[in-house]
Amino acid sequence: MNINLPNFNVKNLVKEAGSTISRVVQLTEEKLGTTERTEYDVHFQNLAERADVTKTWTEKIVRDTESVLIPNPQNRVEDFIFEKIEKSKPKRLSNLEHLALDMIEAGGDFGQDLPYGQALIKVGQAEQKLGQCEHDFIATSGICFTQPLRKFLDGEMKTIGKERGILETKRLDLDACKNRVKKARSMLGQQSAERDLRVAQAEFDRQSEITKLLLDGISTSQASHLRHLHAFVQTQVRYYKQCGDVMEQLQRELAKMQHPKPRLRINSEDVDGGPPSSVSMHSCDSDSLVGTALDSDPDPDLDKSLTNLLEDFHIEFDTTAVSTVIFVVECSPVNEDYMYGKQGLMKGLVPRAFVEMLDEEHDVTL
(Lines give C-alpha, C1' and ligand atoms only; values in the text may rest on other atoms or scores of the structure.)
Protein backbone atom coordinates (compact mmCIF):
# COMPACT_ATOMS: atom_id res chain seq x y z
CA MET A 1 0.00 0.00 0.00
CA ASN A 2 1.40 3.34 -1.08
CA ILE A 3 1.11 6.20 1.38
CA ASN A 4 1.79 9.71 0.14
CA LEU A 5 3.60 11.63 2.82
CA PRO A 6 4.10 15.38 2.61
CA ASN A 7 7.53 16.51 1.57
CA PHE A 8 9.25 18.09 4.55
CA ASN A 9 12.41 20.10 4.11
CA VAL A 10 14.20 19.26 7.32
CA LYS A 11 16.85 21.87 6.70
CA ASN A 12 14.27 24.65 6.45
CA LEU A 13 12.44 23.39 9.53
CA VAL A 14 15.66 23.43 11.55
CA LYS A 15 16.48 26.91 10.24
CA GLU A 16 13.04 28.27 11.17
CA ALA A 17 13.24 26.69 14.59
CA GLY A 18 16.64 28.23 15.15
CA SER A 19 15.35 31.67 14.04
CA THR A 20 12.38 31.41 16.36
CA ILE A 21 14.62 30.54 19.30
CA SER A 22 16.94 33.46 18.48
CA ARG A 23 13.96 35.86 18.39
CA VAL A 24 12.68 34.60 21.73
CA VAL A 25 16.11 35.01 23.29
CA GLN A 26 16.50 38.49 21.79
CA LEU A 27 13.07 39.61 22.96
CA THR A 28 13.68 38.25 26.45
CA GLU A 29 17.01 40.05 26.74
CA GLU A 30 15.37 43.28 25.55
CA LYS A 31 12.70 42.94 28.22
CA LEU A 32 15.39 42.40 30.82
CA GLY A 33 17.42 45.34 29.51
CA THR A 34 20.56 43.29 28.96
CA THR A 35 20.93 43.99 25.25
CA GLU A 36 20.46 46.81 22.76
CA ARG A 37 17.67 47.01 20.20
CA THR A 38 17.36 48.74 16.85
CA GLU A 39 15.04 51.75 17.12
CA TYR A 40 12.79 52.88 14.29
CA ASP A 41 13.36 56.36 12.88
CA VAL A 42 11.20 59.27 14.08
CA HIS A 43 9.19 59.51 10.85
CA PHE A 44 8.27 55.84 11.04
CA GLN A 45 7.26 56.17 14.68
CA ASN A 46 5.00 59.12 13.85
CA LEU A 47 3.37 57.16 11.04
CA ALA A 48 2.86 54.15 13.30
CA GLU A 49 1.36 56.28 16.06
CA ARG A 50 -1.05 57.93 13.63
CA ALA A 51 -2.08 54.49 12.34
CA ASP A 52 -2.83 53.31 15.88
CA VAL A 53 -4.90 56.42 16.61
CA THR A 54 -6.77 56.06 13.31
CA LYS A 55 -7.58 52.43 13.99
CA THR A 56 -8.77 53.09 17.55
CA TRP A 57 -11.06 56.01 16.71
CA THR A 58 -12.42 54.45 13.51
CA GLU A 59 -13.44 51.35 15.47
CA LYS A 60 -15.21 53.54 18.05
CA ILE A 61 -16.98 55.63 15.40
CA VAL A 62 -18.22 52.54 13.57
CA ARG A 63 -19.39 50.93 16.81
CA ASP A 64 -21.16 54.08 18.02
CA THR A 65 -22.80 54.71 14.64
CA GLU A 66 -24.14 51.17 14.53
CA SER A 67 -25.48 51.64 18.06
CA VAL A 68 -27.36 54.75 16.91
CA LEU A 69 -28.75 53.06 13.81
CA ILE A 70 -29.65 49.77 15.57
CA PRO A 71 -29.98 50.39 19.32
CA ASN A 72 -30.76 46.75 20.15
CA PRO A 73 -27.41 44.93 20.67
CA GLN A 74 -29.01 41.55 20.04
CA ASN A 75 -30.18 42.70 16.60
CA ARG A 76 -26.68 44.01 15.83
CA VAL A 77 -25.12 40.65 16.71
CA GLU A 78 -27.74 38.85 14.63
CA ASP A 79 -27.08 41.10 11.62
CA PHE A 80 -23.32 40.57 12.01
CA ILE A 81 -23.73 36.79 11.97
CA PHE A 82 -25.96 36.87 8.88
CA GLU A 83 -23.44 39.14 7.17
CA LYS A 84 -20.57 36.73 7.91
CA ILE A 85 -22.46 33.70 6.58
CA GLU A 86 -23.47 35.78 3.54
CA LYS A 87 -27.20 35.51 4.02
CA SER A 88 -29.84 38.23 3.85
CA LYS A 89 -30.62 39.93 7.13
CA PRO A 90 -34.02 39.18 8.68
CA LYS A 91 -36.71 41.82 8.23
CA ARG A 92 -37.98 43.07 11.56
CA LEU A 93 -40.43 45.78 12.57
CA SER A 94 -39.03 48.86 14.27
CA ASN A 95 -40.47 50.31 17.47
CA LEU A 96 -42.21 53.00 15.43
CA GLU A 97 -43.90 50.38 13.27
CA HIS A 98 -45.06 48.43 16.33
CA LEU A 99 -46.52 51.65 17.72
CA ALA A 100 -48.20 52.40 14.39
CA LEU A 101 -49.88 49.00 14.22
CA ASP A 102 -51.17 49.29 17.78
CA MET A 103 -52.52 52.80 17.17
CA ILE A 104 -54.32 51.78 13.99
CA GLU A 105 -55.83 48.72 15.67
CA ALA A 106 -56.88 50.77 18.70
CA GLY A 107 -58.44 53.43 16.48
CA GLY A 108 -60.49 50.75 14.75
CA ASP A 109 -61.72 49.35 18.06
CA PHE A 110 -62.55 52.79 19.48
CA GLY A 111 -64.52 53.63 16.35
CA GLN A 112 -63.38 55.14 13.07
CA ASP A 113 -66.33 57.56 13.15
CA LEU A 114 -65.24 59.04 16.50
CA PRO A 115 -62.66 61.85 16.68
CA TYR A 116 -60.28 59.91 18.94
CA GLY A 117 -60.43 56.81 16.78
CA GLN A 118 -59.87 58.83 13.61
CA ALA A 119 -56.93 60.64 15.19
CA LEU A 120 -55.32 57.37 16.33
CA ILE A 121 -55.57 55.94 12.83
CA LYS A 122 -54.10 59.11 11.29
CA VAL A 123 -51.20 59.14 13.76
CA GLY A 124 -50.61 55.41 13.27
CA GLN A 125 -50.37 55.85 9.51
CA ALA A 126 -47.87 58.68 10.03
CA GLU A 127 -45.81 56.48 12.36
CA GLN A 128 -45.74 53.82 9.65
CA LYS A 129 -44.27 56.36 7.25
CA LEU A 130 -41.69 57.34 9.87
CA GLY A 131 -40.79 53.67 10.30
CA GLN A 132 -40.21 53.30 6.56
CA CYS A 133 -38.07 56.45 6.56
CA GLU A 134 -36.07 54.96 9.41
CA HIS A 135 -35.47 51.72 7.48
CA ASP A 136 -34.27 53.70 4.45
CA PHE A 137 -32.00 55.83 6.66
CA ILE A 138 -30.41 52.79 8.30
CA ALA A 139 -29.79 51.07 4.97
CA THR A 140 -28.38 54.18 3.28
CA SER A 141 -26.16 55.05 6.27
CA GLY A 142 -24.72 51.55 6.24
CA ILE A 143 -23.90 51.75 2.54
CA CYS A 144 -22.39 55.24 2.54
CA PHE A 145 -20.66 55.32 5.94
CA THR A 146 -20.34 52.32 8.26
CA GLN A 147 -19.62 49.69 5.60
CA PRO A 148 -16.73 51.65 3.97
CA LEU A 149 -15.18 52.31 7.38
CA ARG A 150 -15.51 48.68 8.40
CA LYS A 151 -14.02 47.61 5.06
CA PHE A 152 -11.07 49.90 5.80
CA LEU A 153 -10.58 48.26 9.19
CA ASP A 154 -10.91 44.71 7.84
CA GLY A 155 -8.73 45.37 4.81
CA GLU A 156 -6.13 48.11 4.93
CA MET A 157 -5.65 48.25 8.69
CA LYS A 158 -5.29 44.47 8.96
CA THR A 159 -2.71 44.52 6.18
CA ILE A 160 -0.78 47.27 7.95
CA GLY A 161 -0.89 45.31 11.20
CA LYS A 162 0.38 42.19 9.42
CA GLU A 163 3.27 44.04 7.75
CA ARG A 164 4.21 45.74 11.03
CA GLY A 165 4.35 42.31 12.65
CA ILE A 166 6.68 41.06 9.91
CA LEU A 167 8.84 44.17 10.34
CA GLU A 168 9.13 43.54 14.07
CA THR A 169 10.22 39.97 13.31
CA LYS A 170 12.88 41.26 10.92
CA ARG A 171 14.09 43.68 13.59
CA LEU A 172 14.48 40.86 16.12
CA ASP A 173 16.44 38.85 13.53
CA LEU A 174 18.66 41.88 12.84
CA ASP A 175 19.41 42.50 16.51
CA ALA A 176 20.06 38.80 17.08
CA CYS A 177 22.60 38.85 14.24
CA LYS A 178 24.27 41.92 15.75
CA ASN A 179 24.64 40.10 19.03
CA ARG A 180 26.12 37.05 17.32
CA VAL A 181 28.69 39.27 15.61
CA LYS A 182 29.67 40.71 18.98
CA LYS A 183 29.89 37.28 20.57
CA ALA A 184 31.78 35.57 17.69
CA ARG A 185 35.12 34.17 18.92
CA SER A 186 36.67 32.69 15.77
CA MET A 187 37.39 34.27 12.42
CA LEU A 188 35.12 31.80 10.65
CA GLY A 189 32.27 32.48 13.08
CA GLN A 190 32.82 36.22 12.69
CA GLN A 191 32.53 36.03 8.90
CA SER A 192 29.40 33.87 9.06
CA ALA A 193 27.78 36.21 11.58
CA GLU A 194 28.60 39.27 9.48
CA ARG A 195 27.12 37.60 6.37
CA ASP A 196 23.90 36.84 8.28
CA LEU A 197 23.89 40.41 9.57
CA ARG A 198 24.07 41.86 6.05
CA VAL A 199 21.16 39.65 4.92
CA ALA A 200 19.09 40.55 7.99
CA GLN A 201 19.84 44.26 7.49
CA ALA A 202 18.70 44.13 3.84
CA GLU A 203 15.49 42.28 4.73
CA PHE A 204 14.77 44.74 7.56
CA ASP A 205 15.30 47.77 5.28
CA ARG A 206 13.07 46.34 2.55
CA GLN A 207 10.28 45.48 4.99
CA SER A 208 10.60 48.91 6.60
CA GLU A 209 10.02 50.64 3.25
CA ILE A 210 6.99 48.45 2.51
CA THR A 211 5.47 49.26 5.89
CA LYS A 212 6.14 52.99 5.49
CA LEU A 213 4.34 53.04 2.14
CA LEU A 214 1.29 51.42 3.72
CA LEU A 215 1.35 53.82 6.65
CA ASP A 216 1.59 56.81 4.31
CA GLY A 217 -1.54 55.55 2.55
CA ILE A 218 -3.63 56.30 5.66
CA SER A 219 -3.75 59.96 4.60
CA THR A 220 -5.47 58.94 1.37
CA SER A 221 -7.86 56.74 3.32
CA GLN A 222 -8.81 59.61 5.62
CA ALA A 223 -9.64 61.76 2.59
CA SER A 224 -11.98 58.99 1.48
CA HIS A 225 -13.46 58.81 4.97
CA LEU A 226 -14.20 62.54 4.77
CA ARG A 227 -16.30 61.96 1.65
CA HIS A 228 -18.17 59.17 3.40
CA LEU A 229 -18.78 61.46 6.37
CA HIS A 230 -20.32 64.12 4.10
CA ALA A 231 -22.55 61.47 2.56
CA PHE A 232 -23.66 60.36 6.03
CA VAL A 233 -24.55 63.94 6.99
CA GLN A 234 -26.55 64.37 3.77
CA THR A 235 -28.39 61.15 4.55
CA GLN A 236 -29.26 62.44 8.01
CA VAL A 237 -30.49 65.77 6.61
CA ARG A 238 -32.71 63.97 4.11
CA TYR A 239 -34.04 61.61 6.78
CA TYR A 240 -34.95 64.34 9.27
CA LYS A 241 -36.54 66.43 6.50
CA GLN A 242 -38.70 63.47 5.49
CA CYS A 243 -39.74 62.98 9.11
CA GLY A 244 -40.54 66.69 9.43
CA ASP A 245 -42.65 66.60 6.27
CA VAL A 246 -44.60 63.60 7.55
CA MET A 247 -45.32 65.26 10.90
CA GLU A 248 -46.34 68.57 9.30
CA GLN A 249 -48.74 66.73 7.03
CA LEU A 250 -50.12 64.92 10.08
CA GLN A 251 -50.66 68.23 11.87
CA ARG A 252 -52.62 69.59 8.92
CA GLU A 253 -54.78 66.48 8.74
CA LEU A 254 -55.51 66.59 12.47
CA ALA A 255 -56.39 70.28 12.24
CA LYS A 256 -58.96 69.55 9.52
CA MET A 257 -60.69 66.94 11.64
CA GLN A 258 -63.90 68.07 13.42
CA HIS A 259 -63.31 68.90 17.06
CA PRO A 260 -65.91 68.08 19.74
CA LYS A 261 -68.21 70.95 20.77
CA PRO A 262 -67.15 72.91 23.86
CA ARG A 263 -68.97 72.05 27.08
CA LEU A 264 -69.47 74.01 30.30
CA ARG A 265 -69.85 72.45 33.71
CA ILE A 266 -72.60 74.13 35.79
CA ASN A 267 -73.63 72.67 39.14
CA SER A 268 -71.64 69.48 38.28
CA GLU A 269 -73.67 69.09 35.06
CA ASP A 270 -72.31 69.35 31.51
CA VAL A 271 -74.02 71.91 29.28
CA ASP A 272 -73.48 71.51 25.53
CA GLY A 273 -71.96 74.61 24.01
CA GLY A 274 -73.98 74.38 20.83
CA PRO A 275 -77.47 75.75 20.10
CA PRO A 276 -78.11 78.30 22.92
CA SER A 277 -77.03 81.78 21.93
CA SER A 278 -76.16 82.81 25.51
CA VAL A 279 -76.20 81.52 29.05
CA SER A 280 -76.79 83.71 32.10
CA MET A 281 -75.41 82.47 35.42
CA HIS A 282 -76.40 84.18 38.68
CA SER A 283 -76.47 83.45 42.39
CA CYS A 284 -79.80 82.31 43.91
CA ASP A 285 -81.04 82.42 47.50
CA SER A 286 -79.85 78.87 48.05
CA ASP A 287 -76.32 79.99 47.08
CA SER A 288 -76.32 77.57 44.17
CA LEU A 289 -75.27 78.32 40.58
CA VAL A 290 -78.03 77.98 38.01
CA GLY A 291 -77.65 78.08 34.23
CA THR A 292 -80.53 79.42 32.10
CA ALA A 293 -80.64 79.38 28.33
CA LEU A 294 -81.96 82.66 26.94
CA ASP A 295 -84.18 82.75 23.87
CA SER A 296 -82.43 84.94 21.37
CA ASP A 297 -81.83 84.48 17.70
CA PRO A 298 -78.21 83.70 16.78
CA ASP A 299 -76.39 85.89 14.37
CA PRO A 300 -76.83 84.28 10.92
CA ASP A 301 -73.28 85.32 9.96
CA LEU A 302 -71.76 83.78 13.09
CA ASP A 303 -68.99 81.32 12.29
CA LYS A 304 -69.49 78.14 14.27
CA SER A 305 -65.79 77.59 14.86
CA LEU A 306 -64.45 76.85 18.31
CA THR A 307 -63.74 80.51 19.06
CA ASN A 308 -67.19 81.72 17.98
CA LEU A 309 -68.90 78.93 19.86
CA LEU A 310 -67.19 80.18 22.99
CA GLU A 311 -68.48 83.65 22.17
CA ASP A 312 -72.04 82.30 22.48
CA PHE A 313 -71.66 82.32 26.29
CA HIS A 314 -71.36 85.15 28.80
CA ILE A 315 -71.16 85.35 32.58
CA GLU A 316 -73.02 87.91 34.72
CA PHE A 317 -70.76 88.41 37.72
CA ASP A 318 -71.52 90.73 40.61
CA THR A 319 -70.39 94.13 39.37
CA THR A 320 -72.04 96.41 42.00
CA ALA A 321 -68.64 97.70 42.98
CA VAL A 322 -66.36 99.71 40.74
CA SER A 323 -64.22 96.62 40.16
CA THR A 324 -64.66 92.97 41.01
CA VAL A 325 -61.80 90.53 41.66
CA ILE A 326 -62.29 87.04 40.19
CA PHE A 327 -60.07 84.00 39.66
CA VAL A 328 -59.42 82.92 36.07
CA VAL A 329 -57.61 80.05 34.33
CA GLU A 330 -56.91 79.28 30.70
CA CYS A 331 -59.52 77.36 28.71
CA SER A 332 -58.67 73.91 27.47
CA PRO A 333 -57.89 74.18 24.61
CA VAL A 334 -56.56 77.73 25.03
CA ASN A 335 -58.84 80.36 23.48
CA GLU A 336 -57.61 83.76 22.28
CA ASP A 337 -60.72 85.69 23.35
CA TYR A 338 -61.96 84.02 26.53
CA MET A 339 -60.72 82.64 29.85
CA TYR A 340 -62.51 80.47 32.36
CA GLY A 341 -63.52 82.60 35.39
CA LYS A 342 -64.86 81.93 38.88
CA GLN A 343 -66.38 84.24 41.53
CA GLY A 344 -67.74 82.48 44.57
CA LEU A 345 -70.10 79.82 43.28
CA MET A 346 -70.39 81.40 39.85
CA LYS A 347 -68.13 80.20 37.06
CA GLY A 348 -68.01 80.45 33.30
CA LEU A 349 -66.28 82.14 30.36
CA VAL A 350 -64.94 85.69 30.74
CA PRO A 351 -63.87 87.93 27.81
CA ARG A 352 -60.16 88.71 27.98
CA ALA A 353 -60.82 92.31 26.88
CA PHE A 354 -62.80 93.05 30.06
CA VAL A 355 -60.28 91.75 32.61
CA GLU A 356 -57.01 93.07 33.98
CA MET A 357 -54.44 90.67 35.42
CA LEU A 358 -53.34 91.48 38.98
CA ASP A 359 -50.65 88.83 39.62
CA GLU A 360 -49.35 85.41 38.51
CA GLU A 361 -52.20 83.62 40.30
CA HIS A 362 -54.58 84.94 37.60
CA ASP A 363 -56.63 87.14 39.92
CA VAL A 364 -58.18 89.72 37.64
CA THR A 365 -60.29 92.84 37.97
CA LEU A 366 -63.47 93.31 35.96
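The structure is a predicted model, in which local features require pLDDT of at least 70 and side-chain atom pairs count only at pLDDT 80 or more, while totals for chains, interfaces and linings use all residues. Residues are numbered from 1 along each chain as its sequence is written, and side-chain values rest on heavy atoms, with hydrogens and water left out.

Seven aromatic pairs were found in a search of the whole structure. Rings of Phe, Tyr and Trp (its six-membered ring) are paired if their centres lie within 6.5 Å; planes under 30 degrees apart count as stacked, over 60 as edge-to-face and the rest as tilted. One of the pairs, Tyr 40 with Phe 204, is stacked, at 6.1 Å centre to centre and 20° between the planes. Tyr 40 belongs to the loop between α1 (10–32) and α2 (42–69), whereas Phe 204 belongs to helix α6 (residues 187–216), 164 residues apart; helices are DSSP runs (H or I, at least four residues), numbered from the N terminus. Tyr 40 is buried at 16% relative accessibility, and Phe 204 is buried at 7% (buried: under 20% relative accessible area, 1.4 Å probe, protein chains only).

The rings of Phe 137 and Phe 232 are also stacked, with centres 6.5 Å apart and planes at 25°. This pair ties helix α5 (residues 115–183) to helix α7 (residues 218–256), joining parts 95 residues apart in sequence. Phe 137 and Phe 232 are both buried.

Lys 60 lies over the face of Trp 57, at 4.7 Å from the ring centre (criterion: NZ of Lys or CZ of Arg within 6 Å of the ring centre and within 35 degrees of the ring normal).

Conventions
Helices (H or I, at least four residues) and strands (E, at least two) are DSSP runs, numbered from the N terminus. Buried means under 20% relative accessible area, exposed over 50%, partly exposed in between (1.4 Å probe, protein chains only).
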